[in-house]
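Here is a friendly briefing to read alongside the model. Have the viewer open, and pick out each spot as it comes up.

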Amino acid sequence: MASKIGGPKTTVTLGVLGLIFSVLGGVMIFVVPEMIRNQVLQNVRINPSSLSFEMWKEIPIPFYLSVHLFNVLNPDEVLKGEKPRVEERGPYVYREYRQKQNITFHDNDTVSFLEYRTFEFQPHMSHGSETDYIVMPNVLVLGSSVMMEHKPMSMKLLMSLSFSMFGQRAFLNRTVGEIMWGYSDPLIDLLNKYFPGLMPFKDKFGLFAQLNNSNSGLFNVFTGVKDFSKIHLVDRWNGKTKLNFWNSDQCNMINGTSGQMWAPFMTPDYNLQFYSPEACRSLSFKYEKSGEFKGIPTFRFVAPDTLFANGSVYPPNEGFCPCLESGIQNMSACQLNAPMFLSQPHFFNADPVLVESVTGLHPNKDEHSLFLEVHPVTGIPMNCSVKLQISLYMKSIPGIGQTGKINPVVLPLVWFEERGAMEGQTLSVFYTRLVLMPKLIQYLQYVLNAVGCLFIIITLILVIRNQGTFFLFWSSDKKVSKNSEAIQSYSESLMTPAPNGTVLQEARL
């Protein structure tokens, strides 16, 4: 049996298989990366035949909007010039649904769409209900008062009189539902009638009234079908290639994607950008670290410290000014001059003066920083948490009695988190098609190379081991051959008749 296993045929078979496996493994080393690249490109581009198209069209990932409202504890004292004291209430959690409509493909490798969003309250995930009452600054009064600061005194007196006629005060006590989605007020109709364009809203006033059952404008993005280098980048928004809100070309640029997918094959040097209509600008995020999300490798991107820095701290942001302290962005240019400011929650990464001017704020990285975890091979986000805060700049305005003696302060109104994570069937399909299969193909090339090398080594061992046996067999065969020739010659001599005159030696004996 041992001779059969280590025989010449077995040795040759192992050698041939080893060469075949090694060649296949070697070829796969060069072919597999290109196969994976093509597979990824086929599945991430915006095309009805791609794996990610349905995901792009109607995001299957459950998104949630968590809202934290700041309840003012000492409104009367604030009117007398004291520091505001606030307490955070919430979160009030809403399930967010997104769906793209009016999807139209164009000849220049772009697709346009409107994305509509709706919100549904989630009582079981919330800390409180929409019927909770919150004391907040009256944005109608305090916001419009700051906007009227440099107007003639007669106009300010007229506005103060109007406030009194309609019973408007500097602070109001409204339910969460009203603050979020709006409430009717005759003052709004009055202001829109006599001061058209003065207020950044036309009907109900609510912090999120303009978001529910609405879209964020017409996006036109590159599909990547013809030109992979521009995949998912925004070509136009509402027909514009750049904005006109800000004071510099750099700040008015529309950079990055629409915020849902990015270019595949990321490296740690990648500058993750997306355009946010709500922020009226493009936002940039930097690589922080590599990690995993439910077995899927990810890159974690976070907001740089300079995201909302003012022009004196970070000169490229000068175009967003006029600025106050660093760490908050003046939104008045895109909010019809309303004195609203955007920042990270609790003024995280902002000038400490902002935190010190309001009692009850406690910024920290774990609770208030924002991040995006993206699968670097496909550019598809796995887990994200975007946290932003809206604040109101308010102060005492001479001629408008409702503003009392309020000291200038940027008072937080609300901070919110939009978060989502891939899960369920979507996660399973993504993992199988775009993570597991490429990984198995990569492992296969290593297995083929390893098996091929093993077979070749075994073949060499068998050849070396059998060299002595082959020599003995060859020597033995040679001797046997010589003996056979001698015996055959002698037998033939006996069979041959002796010539005449020849006497046999045996006869003599």
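**Around Thr-223**

Leaving aside neighbours within four places in sequence, Thr-223 is in contact with Arg-45, Ile-46, Phe-105, Asp-109, Thr-110, Val-111 and Ile-231. Please keep in mind that this is a predicted model. Thr-223 sits in the loop between strand S6 (214–222) and strand S7 (234–237).

- Is Thr-223 buried or exposed? Its relative accessibility is 3%, so Thr-223 counts as buried, the cut-off being under 20%.
- A polar atom of the Thr-223 side chain lies 3.2 Å from the backbone nitrogen of Val-225.

**Helix H5**

- The buried residues of H5 are Val-139, Leu-140, Val-141, Leu-142, Gly-143, Ser-144, Ser-145, Val-146 and Met-147.
- At the start of H5, the backbone nitrogen of Leu-140 has a side-chain oxygen of Asn-138 within 3.1 Å.

**A nonpolar patch on the surface**

- Which residues form the nonpolar patch on the surface? They are Leu-158, Leu-161, Met-165 and Phe-166, and together they have about 410 Å² of accessible area.
- Met-165 belongs to helix H6, which spans residues 153–165.
- Met-165 counts as exposed because its relative accessibility is 63%, and the cut-off for exposed is over 50%.

**The protein as a whole**

- The protein contains 12 helices and 15 strands.
- Of its 509 residues, 49% are buried.
- Among contacts with a separation of 6 or more, 67% are between residues 24 or more positions apart.
- The protein exposes about 26100 Å², and carbon and sulfur atoms supply 58% of that area.

**Where to read with care**

- The average pLDDT of the protein is 84, and 83% of the residues score at least 70.
- Over residues 470–474 the pLDDT stays under 50, and the model has 1 contact beyond four places in sequence for them.
- The pLDDT is also below 50 over residues 501–509, a stretch with 2 contacts in the model beyond near neighbours in sequence.
- Where pLDDT is low, the predicted coordinates should not be read in detail.

Methods:
Residues are numbered from 1 along each chain as its sequence is written. This is a predicted model: local features need pLDDT of at least 70, side-chain atom pairs count only at pLDDT 80 or more; totals for chains, interfaces and linings use all residues. Side-chain values use heavy atoms; hydrogens and water are left out. Helices (H or I, at least four residues) and strands (E, at least two) are DSSP runs, numbered from the N terminus. Buried means under 20% relative accessible area, exposed over 50%, partly exposed in between (1.4 Å probe, protein chains only). Contact means heavy atoms within 4.5 Å. Accessible areas come from the Shrake-Rupley method with a 1.4 Å probe; for residues, only the protein chains shown count as cover. pLDDT is the predictor's confidence in each residue, from 0 to 100. Patches are made of residues with over 30% relative accessible area and no salt bridge: like charges are joined within 9 Å, nonpolar side chains (Val, Leu, Ile, Met, Phe, Trp, Tyr) within 5 Å. A salt bridge is a side-chain nitrogen of Lys or Arg within 4 Å of a carboxyl oxygen of Asp or Glu. A polar contact is a pair of N or O atoms within 3.5 Å; within protein, one must be able to donate a hydrogen and the other to accept it, and residues adjacent in sequence count only if both atoms are side-chain atoms.
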